[in-house]
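Please consult the sequence and coordinates shown here while reading.

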Amino acid sequence: MNVNEKFCGAEPASMVADCFTDPSTWERADAQWGSHERKALVCRRVRNETHDVRTFVFSSEDKRAFGHEPGQFITVSVDINGEAVSRCYTISSPPTRPYTLSITVKRTPGGIMSNWLHDNMKPGVVLHAFGPAGIFTPASAPAGKLLYLSAGSGVTPLMSMTRAAFDLGLNRDIVFVHSARTPDDIIFRDELTKLSAEADNLKVIHVCEGVGTEADWRGPTGRLSLELLEKHVPDFRGREVFTCGPAGYMNAVKEVLLRGGHDPARYHQESFNFAETVEPVAEIDAAPQNTEQSTGGTYTVRLAKSGKTFTMSSSETVLAAARKAGAALPSSCAQGICGTCKTAVLEGTVDMKHNGGIRQREIDKGFRLMCCSRPTSDLVLDL
Ligand SMILES: Cc1cc2nc3c(=O)[nH]c(=O)nc-3n(C[C@H](O)[C@H](O)[C@H](O)COP(=O)(O)OP(=O)(O)OC[C@H]3O[C@@H](n4cnc5c(N)ncnc54)[C@H](O)[C@@H]3O)c2cc1C
């Protein structure tokens, strides 16, 4: 099977019976859950992965199966102390098990959403989320031999990819090197160990900075280094690399790979912190930067579904102007990367400077990201 294919609805029928007593009442994932569509998810299970990481398993309240690509994320939206808070979480479950969807969340000290989820999300609780988005997927770079490099909660997209490849029986040649502080911090440790024992072509290496309470730890210790790669993945130069983890880790990985002679064109990364990776081209209310078509004028924007109309300056992003006008528009990163604010422009033109949150085929269909689009004419939006 070509990894470019969408994985929607690819599970064997027996899996359905495992999940639900009456599968006939469930609809398949034929209609994709759009990144701009808000869905109610019902929490079914909560699993402790480590002392500060939990997996939350959901099914869809509308009894539709999920469809996404491995590596994509959803945008969770919760009212916390009267304020709407949105955060992105990678779907850690594979699309090959489409009747439930999991996110795996690390409790961030002082963090609003991660602590709220850890403290409040229990079976039966409903969570609202916008649909899958993101281009950190195997489809973005089909390749024979893969090297997955992750650290901490950055394991989640690579886990979804690994689970999907395993479920589909692809027998892909994957080396998965995951870095953690100590053995107690390794997320999905048992499952990855089991998967690598079953799949001939999956090799898993856990690298720990220290041994913590596990004095008989036998794996490599320290940080990912060129020496470690040469020793455990001697053919790394011939592999397509997918990396996810904290910014410092990814910078180090990039440097190690470059030094080792790996082709940068075969390197793909996902950051969990937008501010660390993107150019600040789309800050809300920022002045336009070299926008050729920008006229400095005022334009009228009509929201076709809600009937709302407002005027805005060409120097503002549509998202910022819509918010000022009191129009609720789904959004998360406000940097043109997460894709949550993707909207069809029915009439008019905008100048969009995105950071990878929208695909060319979506642009061709008339979609634009409102957080990094400034009007160059009056607009009618599909909202
Ligand atoms: C595409 C994508 C996928 C992701 N996938 C995952 C995933 O699978 N698992 C996962 O665990 N995370 C994931 N994340 C990260 C996630 O979205 C959140 O950023 C993370 O959970 C922290 O959110 P929070 O609300 O708990 O913390 P926040 O409230 O955003 O706080 C983050 C940090 O900033 C500090 N802080 C907050 N406000 C202030 C302030 N005013 N002054 C100083 N410091 C402050 C906090 O103390 C905390 O340390 C992903 C992110 C992206 C972009």
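Thr 55 has Thr 104 in E5 as its bridge partner. The strands E2 and E5 pair in the antiparallel sense over six bridges; two strands pair if DSSP finds at least two bridges between them. Strands (E, at least two residues) and helices (H or I, at least four) are DSSP runs, numbered from the N terminus. This is a predicted model, in which local features need pLDDT of at least 70 and side-chain atom pairs count only at pLDDT 80 or more, while totals for chains, interfaces and linings use all residues. Residues are numbered from 1 along each chain as its sequence is written, and side-chain values use heavy atoms, with hydrogens and water left out.

The pairing of E2 with E5 belongs to an open sheet of six strands, ordered E4-E3-E6-E1-E2-E5 with antiparallel pairing. E4 and E5 are its edge strands, each pairing on one side only. From one strand to the next, the twist averages 40°.

## Helix H2 on the sheet

H2 packs on the sheet and touches E2, E3, E4, E5 and E6; its direction makes about 85° with that of E4. Axes are lines fitted to C-alpha atoms, for helices over the stretch in contact, and angles run from 0 to 180 degrees between N-to-C directions.

Helix H2 spans residues 112-120, and its buried residues are Met 113, Ser 114, Asn 115, Leu 117 and His 118. Buried means under 20% relative accessible area, exposed over 50%, and partly exposed in between (1.4 Å probe, protein chains only). These buried residues pack against E2 (53-60), E3 (73-80), E4 (83-90), E5 (101-106) and E6 (126-133), where contact means heavy atoms within 4.5 Å.

## The ligand and its surroundings

The ligand is surrounded by 21 residues, of which the closest are Arg 87, Cys 88, Tyr 89, Met 113 and Ser 114; a residue is near a molecule if one of its heavy atoms lies within 4 Å of it. E4, E5 and H2 each supply at least two residues of this shell, and E4 gives the most, with four residues.

Several polar contacts (pairs of N or O atoms within 3.5 Å) can be listed. A polar side-chain atom of Arg 87 lies 2.8 Å from an oxygen atom of the ligand. Thr 104 places a backbone N or O atom 2.8 Å from a nitrogen atom of the ligand, and a polar backbone atom of Ile 112 is 2.9 Å from a ligand oxygen atom. On its own the ligand has 970 Å² of accessible area, and the protein covers 65% of it.

## Residues with positive phi

Most residues other than glycine have a negative phi. Lys 63, which is not a glycine, has a positive phi of about 55°. Lys 63 is located in the loop between E2 and E3 and counts as partly exposed, at 38% relative accessibility.

Phe 188 also has a positive phi, near 60°. Its place is in the loop between strand E8 (173-180) and helix H4 (189-198). Is Phe 188 buried or exposed? At 4% relative accessibility, Phe 188 counts as buried.

## The chain as a whole

The chain contains nine helices and 18 strands. Of its 383 residues, 52% count as buried. Among the contacts with a separation of 6 or more, residues 24 or more positions apart account for 70%.

The chain exposes about 17,000 Å², and carbon and sulfur atoms supply 48% of that area. Accessible areas come from the Shrake-Rupley method with a 1.4 Å probe; for residues, only the protein chains shown count as cover.

Conventions
Polar contact = N/O pair within 3.5 Å; in protein donor to acceptor, adjacent residues only side chain to side chain.
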